[in-house]
Amino acid sequence: MRDLPNTKYDLSRRRLLGSAAGAATLAGMGGLARSPLAATWADRPPSEVDLLNFVVWTYGDIYSQLATRFEEDWGVPVESVISSFNDHPAKLMTMFASGDYIDVSQSSPFSFPNFIQQGLVEPLDGLPGIEEYVADFSPFTKQVAVQNGQVMGLPYFSAIWVWNYYEDLLEQAGLEPFQDYDELIEQLRKAKKDGVSQHPILWVAGVGLEQLPGTWYSLTWNRGGTFFEPDGTPALGPGSVARETLRWWAKTFEEELADPESLKVQFTSSAKAFSAGKNLYRGPNHHYGLSIVNDPEQSPIAGRVKVHGFPGDGRTIGVTHVYFLSTGTRDRDWAWKLLQYLGGRTKDGEYTQAVNLAKDAMLGSGYQSVMESDIIRESWAQWGDVDAILDMWGKATYLGEVVSSVNEPWHFPWTDRLNIEVQNCLTGQIDADQCCDILTAAVDEAKRG
Amino acid sequence: MAADAERRNTDAASGAASGRELSPRSLAVVMNVPTILILALVLAYPIYYAGFLSFHQVGPGQLRSGVFPFVGLLNYERVLTDPLFQKALLNTFTFSAIVVVAEIVLAVAIALLINQQGIWTSRVTRILMLVPYAVPPIANGLVWSFMYSYQFGFLNRILFTLGVITEPINWAGNPDTALFAITVPYVWRTLPFAILLVHAALQGINKELHEAAAVDGANAWRRFWHITLPLLTPIIVVILVLRTSFAFAVFEEILAITQGGPGDATWVAAWYSYRKSFAPPFDIGLGSASAYLLAMLVGILALVYVRMIYRRVE
């Protein structure tokens, strides 16, 4: 029978003194903000382990690099269990159900409440240095990582929803980037009529948690609506902003202004499809798509794609994905150490992972100090107008405020239904009224489980 | 000591000689025991366990703790009243009907062609037709998803070049065509199995029957209709049962090409069970119930097939 540690971290006198000494050394250091209170990332846990693991979805070779670095720093090998983004929840829960060790894993904000409900996530309160991390969390991150007053994770990355436009086609059509939704429709019609583009807009409307739903959420939020009232009742009734937004959105498919590939593409695949240079607009979707469409190695139209904010007051949405400590860990102290390598600081006190993700892939950080650092400005400039993106960042609201069900375990099955019915609406199988009525009823079904 | 051992050997020898060997019937039972045990382990137990799960509330937490609250028929009730399951079932029936009919017609036609002994291309075809059967289902799905791509797909490019279409067709992205689009890669992958069976059956038909009919003036079509087809009926029944049961469980092509979309246009029963079991909230009890319902339907269909067709033969 394995031991599943459930006791809170014991803040020993030795550890407290060590933290204070470390803090004294670091006081006054420049670079990314470091608290003068702790340097716990450099402390070796008192216990011994011969192996740790993390269960993550694939992203380049960042995890093999981190595993190597962790072993070099601490002498403990790390096993990487890596699956695709879509397969990750199934892989993780299968391991959990079968009693396998899981030290650290990750989650989108949509699966996170479910993972917590299933008993998979270990709270981080009381672990050495956690207060410092929390103090540096961005507003998005706080809303995802802190659940019911408990710290449940550290940030993986943050993203906001933005639009992209292909400058050459826009010039060819004699147009300037749209300023409101009526103008957008008129531009799309004109571009199609003039033969500039057969399908002037590529929506990111493939089935997923953030793709198709994220597009509807962001459009609705920008138009002044939400999906649930403060008391939790669905805000999809007749005349609601969400319903009228969907009706408007479906029109772009009905008039064949939207690229048919819209219903299949995900984050990366939409950026690659847009790189073919056949559409005027792409989005709205995660800002880091720019790192693909403006990468000369991946895109024939690199450098010609610009970022564009939402119309009106420019309000948009954002998310943070998280890393978390599993209840199925073999050693909580060591797992916390490993978790920090993924979502916090490495032994040298740097936010290594967050900085690398920002530099290599344009991912935003869940730490305010990283977002405000020169690293962002310097590294993102190759892909887009950093001032514009950061301005949009300042106008972003956490998606959970627009769709409060994100914080509920039933959000995932409801989203399954949302994907189906909204695609049915966009393909003309049902209308926006039917779709919203079905989704309203589906809330109760999802809650019943 | 030595005397005792000798006596035991003598007793054993006389026992064998006096006919205490196992009867053929008993021997058959004994010989089958290992097979029965292995089948019980790898087939019966999972089937029983899935049935057990379908009557309980089962999520990862319950699996980890080993405590499953009993919920009776609740999971079955939820599945049967779920409009999405009904839609998935309808899609499954439609899909299965198309692919099974297509496979039988094509299998008979192609088997007849490659059965022509004098044509060298028959021998080449016999080898080539096995290629799709060797392709892993998920790889097959991915290949066809590229073929179907709206903007860059090979299929649209060929049709456009041939002048058959002037605008690209959104094969897998249009709810009116998506399910049919899935049937093509599925049939392409599974057809060789049916061809092999029909071809083997054709080889067992006595040539003299055809020669006698030809002497009596029967043309090729009449010989096929009155000799070949009736003699192929047993193997066609086998194909019907096997292919229907496999078609009802179609999954890989759905996963690779449409993932159930657009909307619910290609949600099929196996996809439903998978999504319910392996996507949050990981309702494995519900997934098991839907899988059981599907298995029961396939079983009933198999019985109906066998009864209908053999009655007709008799």
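What is the mean pLDDT of chain B, and what percentage of its residues reach 70 or more?

## Model and confidence

Chain B has a mean pLDDT of 89, and 93% of its residues reach 70 or more, where pLDDT is the predictor's confidence in each residue, from 0 to 100. This is a predicted model, in which local features need pLDDT of at least 70, side-chain atom pairs count only at pLDDT 80 or more, and totals for chains, interfaces and linings use all residues. Residues are numbered from 1 along each chain as its sequence is written, while chains are lettered from A and ligands numbered from 1 in the order in which they are written.

## Helix α14 of chain A

Helix α14 of chain A (residues 352–361) has as its buried residues Thr352(A), Gln353(A), Ala354(A), Leu357(A) and Ala358(A); helices here are DSSP runs of H or I with at least four residues, strands are runs of E with at least two, and both are numbered from the N terminus. A residue is buried if 20 or more other C-beta atoms, placed from the backbone, lie within 10 Å of its own, exposed if 12 or fewer, and partly exposed in between.

Just after α14(A) comes Met362(A), with a positive phi of about 65°, and this residue lies in the loop between α14 and α15 of chain A. Met362(A) counts as buried because it has 25 C-beta neighbours inside 10 Å.

## Backbone features of chain B

Gln259(B), although not a glycine, has a positive phi of about 50°, and its place is in the loop between α13 (252–258) and α14 of chain B. With 18 other C-beta atoms within 10 Å, Gln259(B) is partly exposed.

Pro280(B) and Pro281(B) are joined by a cis peptide bond with omega of about 10°, and Pro281(B) is found in the loop between α14 (269–278) and α15 (284–313) of chain B.
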